[in-house]
Amino acid sequence: MGFDRSRALTHRIAAYLLAYPDEPLRALLPQLREAGAELPPQYGAPLRELLDHLDATTLLAAQQHYVETFDLRRRCCQYLSYWSTGDTRNRGRAIADFKRIYRSAGVLPPDDELPDHLTVVLEFAATTDQELGTALLVNHHAGLALLAEALHDQGTVYARGVDAVLATLPAPTPAVLRAAERIAATGPPQESVGMSGPLLPFPTSSPETEQTGVRR
């Protein structure tokens, strides 16, 4: 898989815009808008809608909207392993898999956010290892699709950020569509169920090769 600059830029911008809004993000909006101008319409148009919203909204209102959207509604959860494992013991195993994948690429997992948070995965895909990062997103395609659907149902412009991410991924397979239908019908698992091994094969990295900072 060759490096795709448009995909990397889309993931990088989405990682910022789907994070909790703060003063540093507001200061960065003009730069993000300029960078996004080079993206093809299927990526750039939805990101511009989210940029416009953040640009036109006071910081306090933006923060309140973010909390109401992502922190108070389970259907709008950005933690990718939640969609496949729910609140079960297997989520801990899945989170450990994310950490091992980051270490295999020579970076340490962030210490200020869980490694399966969408913004962390997007930044990893954009700045560290596009192939591994994109594979993580593809492995959680069903959850991302349901997250986008939930955000659209809420009428929030944050749905457009996830739309942009989904546009960078291959068309969902029948298995992904079945998984999405199953989760939509029953919700994420609520009791411990078996999993079939790690999310991805990954090599072992030595501490000497690790760097800090998957997050910005």
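Q: Is Tyr20 buried, partly exposed or exposed, and how do I read that from its relative accessibility?
A: Relative accessible area under 20% means buried and over 50% means exposed, with partly exposed in between. This is a predicted model, and in it Tyr20 has 41% relative accessibility, so it counts as partly exposed.

Q: How many aromatic pairs does the structure hold, and how is a pair described?
A: A pair of aromatic rings is described by the distance of the centres and the angle of the planes. The structure holds five such pairs. In one of them, the ring centres of Tyr20 and Tyr66 are 5.7 Å apart and the planes stand at 85 degrees, so this pair is edge-to-face. Tyr20 sits in the loop between H1 and H2 while Tyr66 belongs to helix H4, so the pair ties together parts that are 46 residues apart in sequence.

Q: What about Tyr66: buried or exposed?
A: Tyr66 has a relative accessible area of 6%, so it is buried. Tyr66 also pairs with Phe70: the centres are 4.8 Å apart and the planes at 50 degrees, so that pair is tilted. The two residues are four apart in helix H4, which means about one helical turn separates them. Phe70 is buried too, at 9%.

Q: Which residues form one aromatic cluster?
A: Tyr20, Tyr66, Phe70 and Tyr158 do. Tyr158 is also one of the buried residues of H10.

Q: Why is helix H10 described as largely enclosed by the rest of the structure?
A: Count the buried residues along the helix. H10 covers residues 158-167, and eight of its ten residues are buried, so the rest of the structure largely encloses it. Among them are Ala159, Gly161, Val162 and Leu166. The packing partners of these buried residues are H1, H3, H4, H7, H8 and H9.

Q: Which residues have the most contacts inside the largest nonpolar core?
A: In soluble globular proteins, nonpolar side chains tend to be buried together. Here the largest nonpolar core has 51 residues, and those with the most contacts inside it are Leu17, Leu18, Leu32, Leu118, Leu137 and Val162. Take Val162 as a worked case: leaving out residues up to four places away in sequence, it touches Leu18, Leu118, Leu144, Leu147, Ala148 and Leu151.

Q: Which side chain makes a polar contact with the side chain of Asp116?
A: That of Ser81, at 2.5 Å. Ser81 is in helix H5, residues 80-85. With a relative accessible area of 0%, Ser81 is buried.

Q: Where is Gln130 found, and what does its side chain reach?
A: Gln130 belongs to helix H8, which covers residues 130-139. At 8% relative accessibility, it counts as buried. Its side chain reaches the backbone nitrogen of Asp4 at 2.8 Å. Setting aside neighbours within four places in sequence, the contacts of Gln130 are Gly2, Phe3, Asp4, Arg7, Ala8 and Ala125.

Methods
Residues numbered from 1 in each chain as written. Predicted model: local features only at pLDDT ≥ 70, side-chain atom pairs only at ≥ 80, totals over all residues. Heavy atoms only, no water. Buried < 20%, exposed > 50% of the residue type's maximum accessible area, 1.4 Å probe, protein only. Polar contact = N/O pair within 3.5 Å; in protein donor to acceptor, adjacent residues only side chain to side chain. Contact = heavy atoms within 4.5 Å. Phe/Tyr/Trp six-rings, centres within 6.5 Å; stacked < 30°, edge-to-face > 60°. Core = buried A, V, L, I, M, F, W, Y, C linked by side-chain atoms within 4.5 Å.
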